[in-house]
Amino acid sequence: MKKAAITGHPVSHSKSPEIHSYWLKQLGLEGEYGRVEVSPSTAMDFYQSLKDNGLDGCNVTIPNKEIAFEAAQHLDDAAKAIGAVNTLWLDEDGVLCGSNTDGLGFLGNLDQGCPGWDNNVNKAVVLGAGGAARAIIWALQQRGFNNIHICNRTFEKSKVLADYFGGNVSAQPWENRSTDLEGADLLVNTTALGMKGQPKLDIALDKLSKKAVVTDIVYTPLMTDLLKTAIERGNPVVDGLGMLLHQATVGFAKWFGQMPEVTEELRQQTIKSMDLEG
Ligand code: ATR
């Protein structure tokens, strides 16, 4: 029986076991997905001897994503571009392979939540310049966005990211986040602003075309103030929960051999278990 787990420190709050258990049951597959606490000091050894630790693969969460990147013997394009690994598996020769599935999760969520969202697109505005922004910028480049603006509180961080991704990605001052929306086809919030317990995201959408898609990676609450404001003015919106669910599909397929589906039932189950609409 194949075994996988969420690894990191801490992992007690992770919803991944519930998501993978849902798919194992739905697809009638034998398999197990658990939680393993792995501190950064032991992480390299742990990932390099995954099988000896009773696992065929795993997800990697904070603070081990960069260590997993170093541990993997083979990295796919997404992992290489993003510089961090959140999914590890052993191939048929026992080689430890790593991917970063956040970018694909972001795309899968928009494909499902707003089909056709990437038709004739050009400009995207990305708020934030952390790990999530890095994965999302990679994903947007895959889908042909020719003009990606990063607005981040710390300009230097957006500049580093813009330089890393190259020509069609530029750093914009955080103060310009509202005016910079002119001509954008997509607005993405990758910061923690608007999350329960965090400050509000202060942005005016007046300059944004009503056709532009608005999405937030924050999903606590599910309907952030940004998404509410966008809906009120008629913009199509996609909430952030689907990114969490879609990013998990890739690892599941690697470990258990079948690509699972993000169903409405799974979404509702996750909303209930996280008390997201409460
Ligand atoms: P993740 O890996 O989830 O992207 P992160 O690397 O901690 O998380 O990035 C968090 C992002 O939210 C950063 O872009 C951060 O801006 P800074 O680079 O200036 O730190 C942004 N962020 C967090 N709190 C913020 C605030 N109060 N105002 C503006 N941006 C904020």
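**Close-up 1. Asp111, Asp118 and Arg143 join up in a network of salt bridges.** This is a predicted model, in which local features need pLDDT of at least 70 and side-chain atom pairs count only at pLDDT 80 or more, while totals for chains, interfaces and linings use all residues. Residues are numbered from 1 along each chain as its sequence is written, and side-chain values use heavy atoms, with hydrogens and water left out. A salt bridge here is a side-chain nitrogen of Lys or Arg within 4 Å of a carboxyl oxygen of Asp or Glu. By this rule the structure holds 10 salt bridges.

**Close-up 2. Glu32 and Lys3 bridge two strands.** Their side chains meet in a salt bridge, with 3.9 Å from N to O. The partners come from distant parts of the chain, 29 residues apart: Glu32 belongs to strand S2 (residues 32–37) and Lys3 to strand S1 (residues 3–8). Strands (E, at least two residues) and helices (H or I, at least four) are DSSP runs, numbered from the N terminus. Glu32 is partly exposed at 38% relative accessible area, and Lys3 is also partly exposed, at 32%. For these labels, buried means under 20% relative accessible area, exposed means over 50%, and partly exposed lies in between (1.4 Å probe, protein chains only).

**Close-up 3. Asp180 pairs with Lys123 in a salt bridge.** The N to O distance is 3.8 Å. Look for Asp180 in the loop between strand S9 (169–173) and strand S10 (186–189), and for Lys123 in strand S7 (residues 123–127), 57 residues apart. Both Asp180 and Lys123 are buried. For another salt bridge, turn to Lys15 and Glu18, at 3.7 Å from N to O; Glu18 is partly exposed, with 31% relative accessibility.

**Close-up 4. An aromatic cluster takes in Trp23, Tyr33, Phe252, Trp255 and Phe256, linked by ring pairs.** Rings of Phe, Tyr and Trp (its six-membered ring) pair if their centres lie within 6.5 Å; planes under 30 degrees apart count as stacked, over 60 as edge-to-face and the rest as tilted. The whole structure contains 7 aromatic pairs. In one of them, the ring centres of Trp23 and Phe252 are 5.6 Å apart and the planes stand at 70°, so this pair is edge-to-face. Trp23 sits in helix H1 (residues 16–27) and Phe252 in helix H9 (residues 241–256), which puts the partners 229 residues apart. Trp23 and Phe252 are both buried. Phe46 and Tyr47 make an edge-to-face pair too, with 5.6 Å between centres and 90° between planes; these two residues are likewise buried.

**Close-up 5. Two arginines sit over aromatic rings.** The charged end of Arg134 is placed over the ring of Tyr164, 4.6 Å from the ring centre. Arg177 lies over the face of Trp174, at 4.4 Å from its ring centre. The criterion asks for CZ of Arg or NZ of Lys within 6 Å of the ring centre and within 35 degrees of the ring normal.

Close-up 6. An N or O atom in the Thr154 side chain is 2.5 Å from a ligand oxygen, and a polar side-chain atom of Arg153 is 2.9 Å from a ligand oxygen. Gly131 contributes a backbone N or O atom, 3.2 Å from an oxygen atom of the ligand. Taken alone the ligand exposes 650 Å², and the protein buries 67% of that (Shrake-Rupley method, 1.4 Å probe).

Key:
Polar contact = N/O pair within 3.5 Å; in protein donor to acceptor, adjacent residues only side chain to side chain.
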